[in-house]
Amino acid sequence: MLKNKKPLVFVAMSGGVDSSVAACLLQEQGYEVVGVTLKLWEYDEVGGNIFRESVCCSIETINDARNVCNQIGAKHWVFDFKEEFKKNVISNFVDEYKSGRTPFPCIICNRKVKWEILGEKVFPLGAEFLATGHYARIKFDEKTGRYQILKAQDSSRDQSYVLWSLSQKDLSKTLFPLGDLTKTQVRELARKYNLKTANKPDSQELCFVPDNDYERFFKEWENGNSVKPGPIYNLKKEKVGEHQGIPFYTIGQRKGFGKGFGKPMYVAKIEPKENTIYIAEDKELWKKIFTVNQVNWVSIPKPEKSIKCQVKIRNQHQPASATLSVLDENKVRIEFDKPERAITPGQSAVFYDGEILLGGGIIVKVEE
Amino acid sequence: MPEIYLDYNATAPIHPEVLEAMQPYLTEKFGNPSSLHSFGREAKVAVEEAREKVAKLINAHPSEIYFTSCGSESDNWAIKGILWANKNKGNHIIISKIEHQAVLETCKFLEENGYSVTYLDVDKFGMVDPDNLRKSVRKDTVIVSIMHANNEVGTIQPIEELLKIAKERNVVFHTDAVQSIGKISVDVQKLGVDLLSISGHKLYAPKGIGVLFIKRGTKITSLLQGGNQERSRRAGTENVASIVGLGKACEIAAQDLDEYQDKMKRLSESFLKKILDTIPEVYLSGHPTLRVPNTVNLSFNGCDGESIILGLDLQGVAVSSGSACSIGSLEPSHVLMAMGVPKHLTLGSVRFSFGRFNSMEDVEYVTEILPGIVEKIRNLHPAFAATKNN
């Protein structure tokens with residue numbers, strides 16, 4: 001068999017500027033690059049505005065990724081993972097909402113689809129690495145023999161939060177070429193490489209809810225069978241209104257409940273078994289203690305005793321000081337030093353020591 | 001890295017002589033064949049010369065040759081045109097289960113619109129049983145459409161026998177000859193068919209040009225209404241340069257057929273032997289002898305064909321699975337399924353299709369790298385571990 005001198009790296013490309021620049025950088029660094037774009041869903045299936053160009057999986061973005069590869073002389077393949085995505089990501093998203101939790105589907109998509117399923121495809125073909133355009137860094141720690149995830153150099157762009165579920169094996173074969181760069185530098189590089197996507201806006205919303213309209217999505221998905229109306233209570237369990245289906249609500253949301261109360265009211269609790277929503281004043285939303293399961297330890301092995309760390313409880317949250325105690329193999333208890341607002345079951349809690357991502361898991365239960 | 005193209009059943013490059021013949025008609029000889037002046041006349045002459053060359057290759061009369069935009073249009077026109085022209089006779093169509101999508105999807109569409117379709121089974125070689133056809137013909141059967149050679153496995157159908165049955169019952173017979181033209185001798189007189197589809201780009205002519213042969217006296221409705229081109233049967237200004245190219249390609253195919261067949265046999269037989277000698281658990285799909293000589297469809301047990309295709313792509317070799325689509329959907333080939341190939345082997349199938357510009361060195365390169373690729377996939381692919389454990 002002919003030996004290829006250059007190490008082969010597969011770059012997961014959404015068609016956006018970040019992954020495009022990642023591909024160009026790796027090519028420049030002497031890797032043999034193959035671009036891969038995942039086809040995860042069809043507009044026919046998820047609905048929404050079909051004229052948005054910035055979200056992944058549209059024809060435009062697949063074309064953008066292919067064009068970049070063509071420009072740098074790299075091969076480009078489109079993998080159709082619609083079935084896997086629906087089974088692992090969208091179904092989980094719907095089930096979690098139906099169970100009164102607020103999931104963050106990018107977490108499962110990363111672990112299950114982008115690393116596991118894509119990895120199963122490309123590593124047998126001789127790939128040495130899988131790369132993405134995430135802003136985060138990987139460092140091998142000689143002392144512990146572990147691969148660590150560090151926050152991005154540019155903390156304002158840091159995306160390490162969505163990567164907590166990657167295994168050591170995943171990390172040993174992963175490259176994040178943008179970890180040391182700022183978004184401004186990436187855009188400059190895109191212009192330097194003369195990429196068509198240099199000025200493309202960032203996508204913010206969930207890819208499979210391209211119009212960001214969750215109500216519309218849940219009404220259309222499974223013919224709307226995943227939503228049914230029910231009562232809204234206050235914390236004294238007095239009925240104060242009707243909700244349209246629990247998937248439309250998330251902890252801490254205001255959604256115009258204030259009328260008639262004289263003060264703003266927020267979703268405080270969701271009880272899927274009773275199909276009820278509880279609302280309360282803002283001060284009721286501040287909590288300190290919660291449990292986290294499905295814990296994955298990244299930069300350190302499972303600690304033997306309690307540790308002090310900073311915990312981030314949603315994508316836009318500033319990590320806050322807390323004490324972490326291990327409950328069992330993959331379950332921990334977190335106690336914030338000071339109460340935090342709207343700790344939400346289903347979201348990811350990620351533990352940091354400064355810039356080092358220690359591990360993470362899914363928030364299950366918040367103590368009153 | 002070498003670039004080796006073994007996907008001639010998908011498309012072929014334009015033959016240099018074809019390109020040369022076309023070039024004037026893309027530039028100075030730009031006239032519209034329908035025009036009365038010298039520019040038009042010049043183009044008209046070229047189109048009619050090309051028509052003669054196409055007719056000659058398949059032993060038809062030039063007046064039986066109609067230029068279309070592609071093989072799919074020819075198939076659509078043949079089936080829909082015959083049905084519309086024979087509305088009083090009935091609404092029943094017979095095709096085989098291994099037809100190209102151009103026929104299959106057309107028939108599915110017609111089925112959704114009130115027509116009745118019988119899908120004939122094939123045997124393990126992909127062959128239609130004439131007795132099966134005999135049993136399926138009904139009073140209201142209007143057209144039988146069975147492909148000449150299959151695009152995925154290359155099996156050649158017993159068209160003459162099938163035709164006899166159709167003719168006994170006065171049913172129109174169409175064959176999609178896209179994959180047989182230029183590869184084996186195609187003689188419409190001998191075959192006896194009423195309609196036959198040809199595609200340019202499988203024959204070293206450009207993409208975007210096709211032909212429907214319509215036997216004189218066949219009643220057919222037009223698909224495209226408009227101007228009086230193609231003797232008022234197919235509207236649209238002629239694609240003059242491509243028509244000229246197709247004419248030239250047919251001329252070359254007619255001249256070189258024996259030489260081409262010898263070469264294809266040598267390449268594909270040597271390839272097959274080497275692969276069977278070096279890689280265990282490989283199975284050939286398609287008829288062992290009644291097959292177009294350039295097509296070798298292999299199933300690699302314990303592999304997904306897709307990974308082999310990608311592995312070869314990484315090393316500069318272009319091949320396909322039977323029905324090219326996106327990676328990962330893992331749709332088993334309808335052709336292999338109809339032939340009764342076990343599902344895990346249908347997913348492990350790869351089509352190697354050789355052509356005019358391949359050489360023995362190409363065969364050597366591919367047969368040298370393929371065992372390593374297959375071994376790697378078999379060792380590392382979880383699907384194989386699963387098969388092994390079962």
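The legends below describe close-up views of a predicted model.

Residues are numbered from 1 along each chain as its sequence is written, and chains are lettered from A and ligands numbered from 1 in the order in which they are written. In this predicted model, local features need pLDDT of at least 70 and side-chain atom pairs count only at pLDDT 80 or more, while totals for chains, interfaces and linings use all residues.

**View 1. Helices α4 and α5 of chain A.** The axes of α4(A) (residues 82–98) and α5(A) (residues 105–122) come within 9 Å and cross at roughly 165°, where axes are lines fitted to C-alpha atoms, for helices over the stretch in contact, and angles run from 0 to 180 degrees between N-to-C directions. The crossing angle therefore makes α4(A) roughly antiparallel to α5(A), a term for angles over 145 degrees.

**View 2. Residues in the contact of α4(A) with α5(A).** Glu84(A), Phe85(A), Asn88(A), Val89(A), Asn92(A) and Phe93(A) of α4(A) meet Pro105(A), Ile108(A), Cys109(A), Lys112(A), Val113(A) and Ile117(A) of α5(A), contact being counted if C-beta atoms, placed from the backbone, lie within 7 Å. These residues divide into 8 nonpolar, 2 polar and 2 charged.

**View 3. An open sheet of chain A.** The 4 strands of this open sheet follow the order β9-β8-β11-β10 with mixed pairing, two strands being paired if DSSP finds at least two bridges between them. Its edge strands, β9 (239–243) and β10 (266–271) of chain A, each pair on one side only, and the twist averages 30° from one strand to the next.

**View 4. Strands β10(A) and β11(A).** β10(A) pairs with β11(A) (residues 276–280) in the antiparallel sense over 5 bridges. Lys269(A) stands opposite Tyr278(A), which lies in β11(A).

Terms used
Helices (H or I, at least four residues) and strands (E, at least two) are DSSP runs, numbered from the N terminus. Angles under 35 degrees count as roughly parallel, over 145 as roughly antiparallel, 65 to 115 as roughly perpendicular and the rest as oblique. Two residues are in contact if their C-beta atoms, placed from the backbone, lie within 7 Å. Ala, Val, Leu, Ile, Met, Phe, Trp, Tyr, Cys and Pro count as nonpolar, Asp, Glu, Lys and Arg as charged, and the others, Gly among them, as polar.
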